[in-house]
There are 2 protein chains.
Amino acid sequence: MSSLRRIVEGRTTLFVPAASLTRSEPPTTPFFFNPAASVNRDISVAISEAVRGVTFCDSLAGVGARGVRVANELSRRMDVTMVDFNSSALRVAQRSARANSLRCDFVKSEANTFLFSRFRRDSKFDFVEIDPFGTPVPYIQGAFGAAADGGVVSLTSTDTAVLCGVYPEVCGRRYSSLPLKNEFKHETALRILLNACRRIAGMNDIGIEPIAAHSTRHYLRVYARVRAGAAQADRSRAQEGFISSCERCGERGASSLPMVKCDGCGAGILSAGPLWIGPLTDPRVVSAALNVSRRCNLGGGAKALDALLGVEYFPPFSYSVERISSALRVPGVSQSQVMGRLASNGYRVMKQPFEKTGFKTEATYGAVAEAVSAVSRDAGLEKAPLHARPT
Amino acid sequence: MSSLRRIVEGRTTLFVPAASLTRSEPPTTPFFFNPAASVNRDISVAISEAVRGVTFCDSLAGVGARGVRVANELSRRMDVTMVDFNSSALRVAQRSARANSLRCDFVKSEANTFLFSRFRRDSKFDFVEIDPFGTPVPYIQGAFGAAADGGVVSLTSTDTAVLCGVYPEVCGRRYSSLPLKNEFKHETALRILLNACRRIAGMNDIGIEPIAAHSTRHYLRVYARVRAGAAQADRSRAQEGFISSCERCGERGASSLPMVKCDGCGAGILSAGPLWIGPLTDPRVVSAALNVSRRCNLGGGAKALDALLGVEYFPPFSYSVERISSALRVPGVSQSQVMGRLASNGYRVMKQPFEKTGFKTEATYGAVAEAVSAVSRDAGLEKAPLHARPT
């Protein structure tokens, strides 16, 4: 067995490949461990604690960092099954479980083979976790099929560039959706990923209800509740739609059919989608998971969860002050001032939780452009009043 | 074991539930056998003989009628694996295999569980057969994943009404496509089914090439070759499109984006799709399978295969003389006369192989309407010459 190091992550002792702690790119052989994904695991622990359920399957478990933490850190007993095709990774996971005096199940199997073996109602899991290299798409059917009604499926995607519009052809093939590389591409990416979950679950008469999502470093994460039944699948399908963002004037919108012409300036536009235009979070779960994170000092997770609070009030896109300033031909102004202006005008605003910059608001594009213009005027950056709506 | 009867189908002895031979609706318990599906199995045998490959998996085998026939009737040795969750059905299949002195593999397993266990390259099958009650959609990923590169996946759909537009909502959920209940709804249905195969295979970096399709009695069947690799998946994806048929004038067309306005009369129209607008057949395979059917006296199969000859020359829709006569406000004329007229005008024509009536042609809609009008005039049914294009 390759050189292992004993570490503590959260409140759990883990054995991990020593090289993964020193090299900037953790080695993938003989097995993979990414110390930087501790935030990802923190949130998993917090959400697992925040919702019901006592059986957890980490179907691409690797050295078992997530599974062992879930088994160890929850206030209730969790029956955790860790599945991996790599026997030596599983042996490390077993060692970590023993170090925390845990009893878990370890299964050497390819993930889908295992997931599809759990098609019977009494063998399904309350939580099914998919954390692959690259796209989770090949595992979506298996994950939703192996999850109990009311349970939770969580998925990681590391093919972020594909979902964010760098390779639209690949996104079309893999996710049956057109991405757009714009200022809210990570949110769009999460919504494309969720709609792929919805479509594949729906083909199997299963509905989905997103409960949380985050975009951290190079990967995307979604958590969705499983709702069995054709009626539930149809209810989820009603959340399929398109998001457009005008390259010319910065106007944006969501609709059930793709838009081809900008409502603002009349320019031709492309709509991203089909994608999930409904809520990305269950605010009760997010609040509860945030409380868990704070109570248990799961720092990284708390930050990502905190950023999600209130996101359910906003449309499925965000605004970029820079883009609007440029369309209005005024110098750049501060995002926080524009947000403040909109708030004082009575609109809800929040920072865009999935991007480095940008903000969400319930205000119309016209009102946002007006606020940018007003802030610019107040700052003396703009001499004569401009038309609020760029043309 | 329930009462069995020994029958001969093709050149194979089969044990089947006695009640299935006498009742008009074959009973589904303790296991199902449909004598009327012999055409379906005839074609399976003929296509398996016509293409390469020596391993065949009937993944929802029931009493094994198809698997035992494939093992018995081909001129080369076939390693047939029959999979079913019903042990007593499998025992009947074993008895039929013994009656023909065949060695086959019998596996008691849920279909997907078995198919996903064959993810490794050296354990894939040259043929994977999916013949479920209802929709084959939940098995598409497993089937394409368990089939070798260059192998064939064949699927039956008995949710014909869903694919033919009776329940468009269900079609949307299950096949992610809008069906249209028009004069070529079975062809549209086959194309929606193929595109679902394409989409799901494509998500797993697999391309498809349809080799044959038929609509017989209450079910639909497609045969598609498996082409491994992302580039092959992208090539298949280029065959995704929409078919529109104008309810007002009868005009029709295929395009890569949905049409919203009729090219003929300007009326608003709905396009069926997304669906497979590329070829439905590999003419070499169809010819070879037809030869096999004739040589081996597989009567029903020969008829369906014969009807497919030449279909690759035509666009993905057909015309109805009745619909056009009605739009032109002339009395109905004979379809064969209209086809004859078009042929003498130099156009290729053929009977629509997937519908009870209708014909396919390379002629434009205008030319077809003109031919209907001319036949009507010649028959003295129409006094004054009409504008050929209905408005």
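In the predicted model, the side chains of R173(A) and D205(B) are joined by a polar contact of 2.9 Å. R173(A) belongs to helix α8 of chain A, which spans residues 168–175. With a relative accessibility of 5%, R173(A) counts as buried, because buried residues are those under 20% relative accessible area. Apart from residues up to four places away in sequence, R173(A) touches R199(B), G202(B), M203(B), D205(B), A230(B), A233(B), D234(B) and R237(B). One of these residues, R237(B), also takes part in a salt bridge with E169(A), in which N and O are 3.3 Å apart.

These pairs belong to the contact between the two chains. Chain A and chain B each give 26 residues to the contact. The size of an interface is often expressed as the accessible area that is lost when the parts come together. For chain B and chain A the buried area is about 2,500 Å², and 55% of it lies on carbon and sulfur atoms. Six salt bridges are counted between chain B and chain A. Polar contacts between chain B and chain A link twelve residue pairs, with both residues at pLDDT 80 or more. On the side of chain B that touches chain A, the elements giving two or more residues are α5 (111–117), α6 (137–146), α8 (168–175), α9 (185–203) and α10 (230–237) of chain B. By class, this side of chain B has nine nonpolar, eight polar and nine charged residues.

The arrangement of the two chains was then examined.

Salt bridges were next considered over the whole structure. Side chains of opposite charge can pair when their charged atoms come close. Over all chains, the structure holds 47 salt bridges. In one of them, the closest N and O atoms of E240(A) and R198(A) are 2.7 Å apart. E240(A) lies in strand β10 (residues 240–245) of chain A and R198(A) in helix α9 (residues 185–203) of chain A, so this pair ties together parts that are 42 residues apart in sequence. E240(A) counts as partly exposed at 23% relative accessibility, whereas R198(A) is buried, with a relative accessible area of 3%.

A further salt bridge joins R225(A) and D282(A), with 3.8 Å between the closest N and O atoms. Because R225(A) lies in strand β9 (residues 219–228) of chain A and D282(A) in the loop between β12 (271–276) and α11 (283–295) of chain A, the pair ties together parts that are 57 residues apart in sequence. Both R225(A) and D282(A) are buried. D282(A) also meets R284(A) in a salt bridge between side chains, at 3.4 Å from N to O. In this pair, D282(A) is buried with a relative accessible area of 9%, while R284(A) counts as exposed at 66% relative accessibility. Elsewhere, E9(A), R41(A), D42(A), R69(A) and E73(A) are joined into one network by salt bridges that share partners.

Strand β9 of chain A also contains A228(A), which is partly exposed with a relative accessible area of 41%. Leaving aside neighbours within four places in sequence, A228(A) is in contact with D149(A) and D205(A). The C-alpha atoms of A228(A) and G151(A) are 9.8 Å apart in space, although the residues are 77 residues apart in sequence.

The backbone was also examined. Most residues other than glycine have a negative phi, and most peptide bonds are trans. A cis peptide bond, with omega about 0 degrees, joins T29(B) and P30(B). P30(B) is in the loop between α1 (19–22) and α2 (38–50) of chain B. The peptide bond from G273(B) to P274(B) is likewise cis, with omega near 0 degrees, and P274(B) lies in strand β12 (residues 271–276) of chain B.

Positive phi values occur at R329(A), near 55 degrees, and at R217(B), near 50 degrees. R329(A) lies in the loop between α13 (321–328) and α14 (335–344) of chain A and counts as exposed at 70% relative accessibility. R217(B) is placed in the loop between β8 (206–216) and β9 (219–228) of chain B and, at 62% relative accessibility, also counts as exposed.

How values were computed: Residues are numbered from 1 along each chain as its sequence is written. Chains are lettered from A and ligands numbered from 1 in the order in which they are written. Side-chain values use heavy atoms; hydrogens and water are left out. Contact means heavy atoms within 4.5 Å. Buried area is the accessible area (1.4 Å probe) that two parts lose on being put together, summed over both. A salt bridge is a side-chain nitrogen of Lys or Arg within 4 Å of a carboxyl oxygen of Asp or Glu. A polar contact is a pair of N or O atoms within 3.5 Å; within protein, one must be able to donate a hydrogen and the other to accept it, and residues adjacent in sequence count only if both atoms are side-chain atoms. Helices (H or I, at least four residues) and strands (E, at least two) are DSSP runs, numbered from the N terminus. Ala, Val, Leu, Ile, Met, Phe, Trp, Tyr, Cys and Pro count as nonpolar, Asp, Glu, Lys and Arg as charged, and the others, Gly among them, as polar. Buried means under 20% relative accessible area, exposed over 50%, partly exposed in between (1.4 Å probe, protein chains only).
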